[in-house]
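This short report describes a few local features of one protein model. Please have the sequence and the structure at hand while reading.

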Amino acid sequence: VEVVDVRRRTRQREKTMYAMKLLSLCALFTRSSAFAPPARTSAVRSVATKAEKINTKVDLESPKVVTMDSVDAGKKKVYCRCWLSGTFPLCDGTHAKHNEETGDNVGPLIVSAPKAE
């Protein structure tokens, strides 16, 4: 009777230890950044999804916004990359207010052409 009792208690302990290990692994996986979604802060801009558009102002009826331009020799142009400029495709500095409000670091694209010799 005593041997059977010891075996039964040993099996129960093994089951309990297995359950505890399983729970520990579950807790680890749900807390790990590889398995849980990242914490969101106002300073972190989320990646655009199908439901969330970046462009909310410029040529919305077009399937793709494309702009062709040229830069004269010795000149430069400053292009918007935040999609918020009132003078799109050229930058009007609106990104500075956006960066201050959100903690983002977006800036313009500056294109220059060397002087002709």
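The model is predicted. A search of the whole structure gives one aromatic pair. Its partners are Trp 83 and Phe 88, which are stacked, with ring centres 5.0 Å apart and 15° between the planes. The angle counts as stacked because it is under 30 degrees. Trp 83 is partly exposed, and Phe 88 is partly exposed as well.

| Residue | Relative accessible area | Class |
|---|---|---|
| Trp 83 | 23% | partly exposed |
| Phe 88 | 21% | partly exposed |
| Asn 99 | 16% | buried |

Asn 99 belongs to helix H2, which spans residues 94-102. Asn 99 is classed as buried because its relative accessible area of 16% is under the 20% cut-off. Apart from neighbours within four places in sequence, Asn 99 has contacts with Asp 104, Asn 105 and Val 106.

The buried residues of H2 include His 95, His 98 and Asn 99. These three lie on the same side of H2, because they cover an arc of only 100° around the axis. In general, an α-helix has 3.6 residues a turn, so residues three or four places apart point the same way. Lys 97, Glu 100 and Glu 101 are exposed and sit on the other side of H2.

After H2 comes Gly 103, which has a positive phi, near 80°.

Conventions. Residues are numbered from 1 along each chain as its sequence is written. This is a predicted model: local features need pLDDT of at least 70, side-chain atom pairs count only at pLDDT 80 or more; totals for chains, interfaces and linings use all residues. Side-chain values use heavy atoms; hydrogens and water are left out. Rings of Phe, Tyr and Trp (its six-membered ring) pair if their centres lie within 6.5 Å; planes under 30 degrees apart count as stacked, over 60 as edge-to-face and the rest as tilted. Buried means under 20% relative accessible area, exposed over 50%, partly exposed in between (1.4 Å probe, protein chains only). Helices (H or I, at least four residues) and strands (E, at least two) are DSSP runs, numbered from the N terminus. Contact means heavy atoms within 4.5 Å. The arc is that of the directions from the helix axis to the C-beta atoms.
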